[in-house]
Amino acid sequence: MIFIHPAEPQPVQDELPPADGDSEADGEEGGAQELTGLFVEKPPLEVTAVAGSDITFIAKVDSTTLTRKPTMKWLKGKWMDLGSKAGKHMQFKETYDRNTKIYTYEMKIIKVVAGDAGGYRCEVSAKDKCDSSTFEISVEAAQQEAPADILSSFKRADAGEDEGDLDFSALLKAAKKKKRPEKEEPAVDVWELLKNAHPSEYEKIAFEHGITDLRGMLKRLKKMKVVEPKHSEAFLKRLDSCYSVEKGKKIVLRCEVVDPDVQVKWLKNGQEIKPSAKYVMESLGNVRTLTINRTSLADDAAYECVVGEDKCFTEVFVKEPPVTITKLMDDYHVVVGERVEFEIEVSEEGAHVMWYFEDVELHKDKDSKFRFKKDGKKHWLIIQEATLEDIGMYHAWTNGGHTKGELEVEEKQLEVLQDIADLTVRATDQAMFKCEVSDDKVTGKWFKDGVEVLPSDRIKMSHIGRFHRLIIDDVKPEDAGDYTFVPDGYALSLSAKLNFLDPPKIHLDTTGNMVSQNTIIVVAGNKLRLDVEITGEPAPTCVWSKGEQAITATEGRIRVEARKDLSCFVIEGAEREDEGNYTICVTNPAGEDKAMLFVKIVDVPDPPEDVRCLSVGEDCANIVWEAPKFDGGAKLKGYLMERKKKGSSRWTKLNFDVYESTTYEAKRMIEGVMYEMRVYAINSIGMSPPSISSKPFMPIAPTSEPTRLSVHDVTDNSCSLKWLAPEKIGAGGLDGYVIEYCKEGDTEWVVANQELCERQGFVVRGLPVGEKINFRVVAVNIAGRSPPATLGQPVTIREIMEHPKIRLPRDLRTKYIRKVGEKINLTVPFQGKPRPVATWFKDGKPLDEKMVSVRNSNVDSILFIRSAEREHSGTYELVLKIENMEDRANVVIRIVDKPGPPMNVKVTDVWGFNAALEWDPPKDDGNTEITGYTIQKADMKTKDWFTVYEHNRRTNCTASDLIMGNEYMFRVYSENLCGLSEEPRMAKNTAVIAKTGLEHKQKGFKEKDMSCVPKFTQPLVDRTVVAGYSTAISCAVKGNPKPKIVWMKNKMIIGEDPKFLMRNNQGVLTLNIRKPGTFDGGRYTCKAVNELGTDEVECQLDVRLAKDLEPK
């Protein structure tokens, strides 16, 4: 029995000098390693320690260039983390020097034992930096017996290469119980306790003092404990203190009694044992024996032999090594009715093997078609007659291994009446392979090792009836091999082997690390030992080689060892460079044999590649990645995924169990937050470095389903649908809609639109007449498809007859008046089924399509004129026809223009301060009635025109309040709906207002010349404004005659852009800019021009965004 006590880590005080007998790693064999990377001091490459002494290894790391505290791991072999082994045997220490910023890491092994020998590695990592150092420990036996030590004494004597301490503390960590602080107690001599204790108390004492190997303790106790002869009236010789037996073996408990006729009782854990086939009790003179046959774990107990009131005690320990599978299961390919035998071989006889078909365990009493057989270490699963239902994967499990094989069953097509048999022949003998099939017309081919056999002088093939023969005369060594007969046209093959006696032969063991007949997988750093059995007479000579280079060394890392009938090839500490093809060649006078082996060195895989987000949801995302380019030489088991928010350095694990697929749905994410992903690859060796982080992605949810889906129209081959936008759109927006349909009763939906429909309506065409069709609409955005909106009932595809009807809009029922140059776009809706034929006429004649554009649809007709002209005026008639039914509607279009000037304007009378004017209407009224006239007057001296009347509807008027002594001229504009005429008509004569009464003669007056060149009295000022807020720039100018003002931006004249408003108020010039953008910034210029000269001013206008102006 094994009792596990978790070893508690002992505190290590800072800066303690090594104890007597300790050995510092930096003072042992092997010089210090070369300093590289993060280390400033490494453990020595090779260290030799004396068994029973202490040893300390030191590594120092410089953290001056690191952003965070480094993490140190001490590893044994390739991946065993020693951190979980911390306790009385191994102690770890970490110190930090604030002045030099150097971390010092120590690993101390207390009381070194032989099991501590091997390769070690210390690995330090800090964020994106990593470094490691390897070293080797060799253990030598002590010169003299060291003081007794409990932990170092409990080494298994029969452990072989696994010799060493058994540390089960890591298995007990799951308990995670808080321990009460222990009180310091004086040292206790465990051996004194054990010597004086009853054997039934050994278990308790071992548990209290952390002893994990109870068998070793009992053996040591037996050697150390001096058993004083105790007078016994019943026993001459008592039972041994303990017995050890392997599970399934027989054990005999023996003692001697004083009285040869006395009866004894045997007890197990205090209960009397009854005689049976398992427990055999014998008496032979004074000797009493208890034989336990086929021991099991239940026999691991305390036993007593009782004579009267006297007893003797012992304990039996049953060892159960894990049962491994030494021969793996093969795949089978058979036909219906054939017998299938899945065979495996395990490491122990009588081991329990569980058989599974797919995920269902097979039992003998439940599945009568399956038979189970075992013979020693071999186990079989037998299917007497295979059927198609037996196709699948079969598994075999033991407590220490697993294997599987696939069964493929084909329908029986050809029956084999006589199979070909293996042949063993000598040189120059004749070999004949013979088989019989059920069909005498079947032909076939013979193959040797997969290559077709062709007839020759020595090789003859015959086919007589149902018998097929292959005869080889004068057999030679090269004729040996696997021969197969394959009937033509059948998935069937008959195979047999031709064995040649004399030549040497290489027998490769395909178990263990060999995954195929010529490939061996070795984990980097491990030892490869390949024992190859060689046969042949006389004894052949063996040569190993890698490529063209022969391997002759008998010592060293790569060596060849020769034994009787065996050739051993050894690689110590396999390295990547050791991978390659190795050849073994055996020769003797009878011939030679060669075999090629491929040694594959496996390691952890490379990181996965091309991690990317395929699609997102409201709180999830689908992540895909590519498998690593290099899988480490071992099949990938799966992946581990991590994610983090963008900008964060904290990664969160998404799965704790290995995930096999390369597609993963990450859940429980926050919508609108940017995330990044990375992936680790895992094989049987370990975990790869992390992959490169994916591009940031944001979870976005699809929209809700579209609303109010309805049928708008139905024809013989189409259906028009309409709907409203989804109620919930979300951050992903809305890209469009997908329309799908299917026949009533079907489940396969057909997509009607190849591209996304952006409108909220669609016409599905090409539908079968009379069928009942279901329709649904799905909204699509960047996150994917929304739930579908489905019509409640199917739609019958059949057009409904409807009379043609023009629904003329109200504004087209009267005259439709537009100005010359304007665009005309008339939409006239109509209805009717099937689709009506719409035709336009103008003034009773067919419409000229060169002048007017027409577009007809199912529900309306559009008449379009890009730029209206006077000749487009007229009566337009729309004719709507469905077979012999029709409907008509007229639209009167009038294109109007500005009128011409009035005719015959003249002054008919002048009296006082008044003048009478008359004129005739214009010849061209602009295709609309004249609404009035505008009359203006001008003094002959100043020639400045002033309006006398506006909108005068008569063709005459009287101008009053004229100034006496002045002569006036008159002009008249005609006016209609489009405005004033382009040109006025001047009166043919003038009106002179005569002076009356006294005449005052004034002295001559010389008018002062007020002319001056334009000059800006107030310049423009540079400004910085905020985008989106209207602004203005202004300046002041003087000049006579009144100057013309021109505004420019970046030397380009600002035209009639509605964004800019230019004002001139008494020489104060203002340029208003409405809601400027960043593109409105630049150099603005104001230029004043008159006939005397020009002047200009400039300013710089900068437009900034609001966020750019916020204080940082």
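View 1. Lys374 has its place in strand S25, which covers residues 370-375, where strands are DSSP runs of E with at least two residues, helices are runs of H or I with at least four residues, and both are numbered from the N terminus. The model is predicted, so local features need pLDDT of at least 70 and side-chain atom pairs count only at pLDDT 80 or more, while totals for chains, interfaces and linings use all residues. Residues are numbered from 1 along each chain as its sequence is written, and side-chain values use heavy atoms, with hydrogens and water left out. Lys374 counts as exposed because its relative accessibility is 55%, given that exposed means over 50% relative accessible area, buried under 20% and partly exposed in between, with a 1.4 Å probe and protein chains only. Leaving aside residues up to four places away in sequence, Lys374 touches His379 and Trp380, a contact being heavy atoms within 4.5 Å. Between the C-alpha atoms of Lys374 and Ile344, which are 30 residues apart along the chain, the separation is 9.5 Å.

**View 2. Charged ends over the rings of Trp380 and Trp651.** The charged end of Lys373 sits over the ring of Trp380, at 5.0 Å from the ring centre. Over the ring of Trp651 sits the charged end of Arg678, 4.1 Å from the centre of that ring. A charge sits over a ring if NZ of Lys or CZ of Arg is within 6 Å of the ring centre and within 35 degrees of the ring normal.

**View 3. The aromatic pair of Phe569 and Tyr582.** The whole structure holds 19 aromatic pairs, for which rings of Phe, Tyr and Trp (its six-membered ring) must have centres within 6.5 Å, with planes under 30 degrees apart counted as stacked, over 60 as edge-to-face and the rest as tilted. In one of them, the ring centres of Phe569 and Tyr582 are 5.2 Å apart and the planes stand at 50 degrees, so this pair is tilted. Because Phe569 belongs to strand S45 (residues 566-571) and Tyr582 to strand S46 (residues 580-588), the pair ties together parts that are 13 residues apart in sequence. Phe569 is buried, with a relative accessible area of 1%, and Tyr582 also counts as buried, at 2% relative accessibility.

**View 4. An aromatic cluster.** Tyr332, Phe342, Phe357, Phe370 and Tyr394 together form one aromatic cluster. As background to this view, the protein has five helices and 89 strands, and 38% of its 1112 residues count as buried.
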